Amino acid sequence: LLLLLEATLLWLASGSYHPFRNGFYYNHVMNDEGTEQEKVVYFNEARLVVETPKDPIYSSSGANVTLSCRYHYEPDLEAKRKIRIKWSKLRDDYTKEQDVLVAIGKIYMAFGDFKGRAHLHQTDRREASLVITDVRLQDDGKYRCEVIDGLEDESDVVDLRLQGVVFPYQPPRGQYRLNFHEAERVCQEQGAVLANFNQLFQAWSEGLDWCNAGWLADGTVQYPIRQPRKPCGGVHLAPGIRSYGPRHRHLHRFDAFCFSSALRGEVFYLDRPAGMTLEEAKQSCLDAGAEIAHVGQLYSAWKFLGLDRCNAGWLADGSIRYPIAKPRANCGPAEPGVRSFGFPSKGRFGVFCYKER
């Protein structure tokens, strides 16, 4: 029996059946004249309805979140079979959906990165909500809640969005040196992931203006412009997100737009009267029971904790930056932001460290 159940769960996860509404009706049937027409034929004279929130659900890295999903019948009736539930994550690039969890009754199986972090929340017999614990950056996106009752199959989508910050990133080698896979890697090295379009659009609406094109998670290349100007698409184009569309993931090279969420620790600044080299800075953080901060951690501390420091410091990638929440004289431009001095080959500076709570 256990093997049969496991096989059934794996069959559900494989997506071998139609993953969307089969409507429990035939879309095209023959009428009495023998011609085809639209007609709905319900198998049990009741319609299965699946409902999820229409507004996005917001969470942050490290938190727990519940993606609500409920179902009912119209007209109301009791299910005669055990209901099967499948949750899947829709990918940004529209490739095959990622399996999250499948369940029959109260028995469920989670898959991939969701093992140990995903389970069903069922306070009553008509609930199929998904709980994700210890939310990760890559969990941001759209999720499909699918309910299967025999031949009847309905689904709806819920949008999980992480509260975070988008930042453009160039490697030490300079502008436009990253293919898609390298862009994914450098964002991960900075405690972040490649941003998706919704995240970039949100950052643009909050004031991000950046004239260099960068990779997004779906393999497109885009950049946000608040102040139209000649080198950035022309002065006659309206403000917005400029797009190069999908690009070859191995051959084409651009910068990256990375996304980082709230921190589970703190970023703090250390300095010495004579400053420090990069290696000395790393050791100073270790001596303080911390580690040298990544770029994404500095941006998150600036965005969510209001970190404001008009002193430049080393970060793990070898760059020199400082965060300004309250612009003032001698601390860079008039707008808040994280200032950068690039990647100096020599010099002595302070350091930004990160320590988990």
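Let me begin at one end of a helix, where Asn196 caps the N-terminal end of H3, with a side-chain oxygen lying 3.2 Å from the backbone nitrogen of Asn198. A polar contact here is a pair of N or O atoms within 3.5 Å, where, within protein, one must be able to donate a hydrogen and the other to accept it, and residues adjacent in sequence count only if both atoms are side-chain atoms.

Before going on, please keep in mind that this is a predicted model, in which local features need pLDDT of at least 70 and side-chain atom pairs count only at pLDDT 80 or more, while totals for chains, interfaces and linings use all residues. Residues are numbered from 1 along each chain as its sequence is written, and side-chain values use heavy atoms, with hydrogens and water left out.

As for the chain in general, its secondary structure comes to 5 helices and 25 strands, where helices (H or I, at least four residues) and strands (E, at least two) are DSSP runs numbered from the N terminus. Of the 357 residues in the chain, 47% are buried, and buried means under 20% relative accessible area with a 1.4 Å probe, counting protein chains only. Among contacts with a separation of 6 or more, 60% are between residues 24 or more positions apart; contact means heavy atoms within 4.5 Å.

Returning to H3, which spans residues 197-205, we find that its buried residues are Gln199, Leu200, Ala203 and Trp204. These residues cover an arc of only 140° around the axis, which puts them on the same side of H3; the arc is that of the directions from the helix axis to the C-beta atoms. What covers them includes strand S14 (164-169), strand S17 (220-225) and strand S18 (240-246). After the helix comes Gly207, whose phi is positive, near 120°.

Helix H5, residues 295-305, is mostly covered, with 8 of its 11 residues buried, including Leu298, Tyr299 and Trp302. Just after H5, Gly306 likewise takes a positive phi, of about 65°.

Now to the sheets. Strands of a sheet pair through backbone hydrogen bonds, either parallel or antiparallel.

Leaving aside neighbours within four places in sequence, Ser59 is in contact with several residues, among them Asn64, Val65, Val135 and Leu160.

Finally, there is an open sheet of 3 strands, in the order S5-S11-S10, and its pairing is antiparallel. Here strand S5 (65-67) and strand S10 (118-121) stand at the edges, each with a single partner strand, so one side of each is left without a neighbour in the sheet. S10 pairs with strand S11 (residues 129-132) over 4 bridges in the antiparallel sense, and Ala118 stands opposite Ile132 in S11.

Technical notes:
Buried means under 20% relative accessible area, exposed over 50%, partly exposed in between (1.4 Å probe, protein chains only). Two strands pair if DSSP finds at least two bridges between them.
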